Amino acid sequence: MSPVACATTGAILALALLTHVHAQAPAHDEHRPLVALINDYRQLPTGCPGRPDGVPGPLTSDPRLTEVRLSDPAQWADALREAGYPAAHAQAISLSGSPDPAAVMGVLKQHYCQVLLDPRFSAIGVQQAGNRWLIVLAQPLLTDALGTWTQAGKAVLAATNRARAEPRRCGGEAFEAADPLVWNETLAHAALAHSQDMAAQNYFAHRAPDGSYADERARRAGYRWLRIGENLASGPGSADEAVRGWLASPEHCRNLMNPAFEEMGAAYAVNADSDGVIYWTQLFGTPR
């Protein structure tokens, strides 16, 4: 198999992590085996010299990216617009030689490992026609529809509660439907503070530069907790996309579905000096 072409526009930051647990690879999606293989690799990256530090979270499949028609790399931006995906940044990898996803994954790791592990991408679309493949990775363009941080945070709450309303599997663990979470202003402001700190200092981690983790930051904000948990994401352009990304990762999904959590706050912040990078924090809690 041989790489055929590669087109790119810019660079961004897009990933999702979990707090106080070791990340595990997302379960394979039988309808998108190559996406599952790529997400497995992003969770357990090996053998990629010069790759970015840290472990990037899973890419969210976006059907619009499977509609991109890339006949001329010079028309890359037009192709994305025609597919209905307003991208801030994107990259396409075109391969041919084998219809087998495992063989394709081997070539991707050999030739494009830094692209696969780039934490600046949050979405993916895969197209296959026989032994020809087009893999599109992207970051969505932020729009005014995102709303204020409070509006977006409550949209995260609504999407989370829709997910909790149905049984689901998070990796190898089965969860029954869970009671809806309740919005908590203190958790929301603690989430906002961490998102703003990540944006201002251009980092992405559960451990802040001052050494604090979610438990200490929640306590500092005035939340007396019995249980605490945190999901982070950077790159998703909407609350729904952020939640879909968390559901695609077993550890994030376990936080979302954990019946022991009762309350939640969420917020985003944008680093205007770094190509509009967006940082999301979702903070779960159970009060004392």
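Is N202 buried, exposed or partly exposed, and what is its relative accessible area?

1. On the basis of the note. This is a predicted model, in which local features need pLDDT of at least 70 and side-chain atom pairs count only at pLDDT 80 or more, whereas totals for chains, interfaces and linings use all residues. Residues are numbered from 1 along each chain as its sequence is written, and side-chain values use heavy atoms, with hydrogens and water left out.

2. On the chain as a whole. The chain has eight helices and 12 strands, where helices (H or I, at least four residues) and strands (E, at least two) are DSSP runs numbered from the N terminus. Of the 288 residues in the chain, 52% are buried; buried means under 20% relative accessible area, exposed means over 50%, and partly exposed is in between, with a 1.4 Å probe and protein chains only. Among contacts (heavy atoms within 4.5 Å) between residues at least 6 apart in sequence, 74% join residues at least 24 apart.

3. On the disulfides. A disulfide is a covalent bond between the sulfur atoms of two cysteines, and is taken here as a pair of cysteine sulfur atoms within 2.5 Å. A search of the whole structure finds two disulfides, and with bonded cysteines counted along the chain they follow the pattern 1-2, 3-4. One of them is formed by C48 and C113, whose sulfur atoms are 2.0 Å apart, and with 80° about the S-S bond this link is right-handed. The pair connects distant parts of the chain, since C48 is in the loop between helix 1 (33–43) and strand 3 (60–61) while C113 is in helix 3 (residues 101–116), 65 residues apart. Both C48 and C113 are buried.

A disulfide also joins C170 to C253, with an S to S distance of 2.0 Å, and this link is left-handed, with -55° about the S-S bond. C170 lies in strand 7 (residues 168–170) and C253 in helix 8 (residues 250–257), so the pair ties together parts that are 83 residues apart in sequence. Both C170 and C253 are buried.

4. On the packing of helix 5 and helix 6. The axes of helix 5 (residues 185–201) and helix 6 (residues 214–221) come within 9 Å and cross at roughly 120°, which makes helix 5 oblique to helix 6. Axes are lines fitted to C-alpha atoms, for helices over the stretch in contact, and angles run from 0 to 180 degrees between N-to-C directions; those under 35 degrees count as roughly parallel, over 145 as roughly antiparallel, 65 to 115 as roughly perpendicular and the rest as oblique. Helix 5 contributes T186, A190 and H194 to the contact, and helix 6 contributes R217, A218 and A221. By class, this contact has three nonpolar, two polar and one charged residues, with Ala, Val, Leu, Ile, Met, Phe, Trp, Tyr, Cys and Pro counted as nonpolar, Asp, Glu, Lys and Arg as charged, and the others, Gly among them, as polar.

5. On two loop residues. N202 is found in the loop between helix 5 and helix 6, and has a positive phi of about 55° although it is not a glycine. To answer the opening question, N202 is partly exposed, with a relative accessible area of 47%. A248 lies in the loop between helix 7 (239–247) and helix 8, and is also partly exposed, with a relative accessible area of 29%. The C-alpha atoms of A248 and P58 are separated by 6.5 Å, although these residues are 190 residues apart along the chain.
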